[in-house]
Amino acid sequence: MNPSILLLPPIAFGIFLLVIWAISWLTSGLAAAGVEAEGKDLPYACGEEFPGEKATPDYAGFFPFAIFFTLMHVAGLMLATLALAPTAVLHLGVGIVYLLVVGLALAILFLG
Amino acid sequence: MSSNPMLNKLVNWSRIKSPWILHFNSGACNACDIEVLDALTPRFDLERFGVLLKATPRHADVMVACGPVTRQVAFRMRRIYDQMAEPKFVVAVGTCACTGGVFNGCYSVLGGVDKILPVSAYIPGCPVRPEAVIDGVVKLLSSLKQ
């Protein structure tokens, strides 16, 4: 048998499932039996009643800042890796153009 | 628990070496709370006994309760105790937690922590000194060995 077959995702998943099941089966007998009590399974809220409510995560406010940081990081990386030799006028021009494009993107992001 | 004594010994040893605590103010003036936190700082280093302060009762083995139990907090305290995993212990820190202290008999106070929960260790003092907290915790851990 080829040993690399053990690395196939379904087989590896099955092996780990068996290992976890065995650990759980062996150790659950060691745990002390719990006592049923009112509120034992409720969410921890400092002992208070915690009424459940539906919540929809909304990342709309976060999105512009995520893009902003992505643009700035990429711009920083690009500018930092440009050639700095005095003869590299072309690179300097590329850097300026890149900064202008980033500035335009930021203006669209926050002003447009 | 297992029927194997060696396994039980191992489990008990593990529990004694990692007693995670939940700090609970049941109506204290904050003096004992500050001393408990002081005991956890590197100066006194209660963590050398494996004691870790946890933020949820689900992860805690020991409830460290400070102050007299007020009528407002009694139900909440009982619920939090119920939410702790077995086996669990309660340490009453400070004179107020032990007996109600100067607040005993007050209309809004039920008394010491043992009016609500089974207490495993009493650490008197007003406020307790960090050394006393450490001494109480060590004695509690020693009692768990038996």
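User: What percentage of the 146 residues in chain B is made up of buried residues?
Analyst: This is a predicted model. A residue counts as buried if 20 or more other C-beta atoms lie within 10 Å of its own. In chain B, which has 146 residues, the buried share is 41%.

User: How does the radius of gyration of chain B stand against the globule rule?
Analyst: Along its principal axes, the C-alpha trace of chain B spans about 50 × 35 × 25 Å. For 146 residues the globule rule gives 15 Å, and chain B is close to that, so it is as compact as a globular protein of that length. The radius of gyration of chain B is 15 Å.

User: Which pattern does chain B follow along the sequence?
Analyst: Chain B has 5 helices and 7 strands. Read along the sequence, they give α-β-α-β-β-β-α-β-α-β-β-α.

User: Which strands are the edge strands of the open sheet in chain B?
Analyst: The sheet has 5 strands with parallel pairing, in the order β2-β1-β3-β5-β7 (chain B). An edge strand pairs on one side only. The edge strands of chain B are β2 (52-53) and β7 (121-123).

User: Which residue in β7(B) is the bridge partner of B:V93?
Analyst: Strand β5 (residues 89-93) of chain B runs parallel to β7(B), and 3 bridges join them. The partner of B:V93 in β7(B) is B:I123.

User: At what angle to β3(B) does helix α2 of chain B run?
Analyst: Helix α2 (residues 31-40) of chain B lies across β1 (20-25), β2, β3 (62-66) and β5 of chain B. Its angle to β3(B) is about 140 degrees.

User: Are α2(A) and α3(A) roughly parallel or antiparallel?
Analyst: Helix α2 (residues 63-80) and helix α3 (residues 89-110) of chain A pack at about 175 degrees, with their axes 11 Å apart. Angles over 145 degrees count as roughly antiparallel. The pair α2(A) and α3(A) is therefore roughly antiparallel.

User: How do the residues of the contact of α2(A) with α3(A) divide?
Analyst: On α2(A), the contact includes A:P64, A:I67 and A:F68. On α3(A), A:G95, A:Y98 and A:L99 are among the residues taking part. The contact divides into 14 nonpolar, 1 polar and no charged.

User: Which helix gives the most to the side of chain B that touches chain A?
Analyst: The contact takes 16 residues from chain B and 13 residues from chain A. On the chain B side, α1 (5-17) and α3 (71-83) each supply at least two residues. That side divides into 8 nonpolar, 3 polar and 5 charged residues. With 7 residues, the helix that gives the most is α3(B).

Conventions:
Residues are numbered from 1 along each chain as its sequence is written. Chains are lettered from A and ligands numbered from 1 in the order in which they are written. This is a predicted model: local features need pLDDT of at least 70, side-chain atom pairs count only at pLDDT 80 or more; totals for chains, interfaces and linings use all residues. Axes are lines fitted to C-alpha atoms, for helices over the stretch in contact, and angles run from 0 to 180 degrees between N-to-C directions. Helices (H or I, at least four residues) and strands (E, at least two) are DSSP runs, numbered from the N terminus. Angles under 35 degrees count as roughly parallel, over 145 as roughly antiparallel, 65 to 115 as roughly perpendicular and the rest as oblique. Two residues are in contact if their C-beta atoms, placed from the backbone, lie within 7 Å. Ala, Val, Leu, Ile, Met, Phe, Trp, Tyr, Cys and Pro count as nonpolar, Asp, Glu, Lys and Arg as charged, and the others, Gly among them, as polar. The radius of gyration is taken over C-alpha atoms; the globule rule is 2.2 Å times the number of residues to the power 0.38. A residue is buried if 20 or more other C-beta atoms lie within 10 Å of its own, exposed if 12 or fewer, and partly exposed in between; C-beta atoms are placed from the backbone. Two strands pair if DSSP finds at least two bridges between them.
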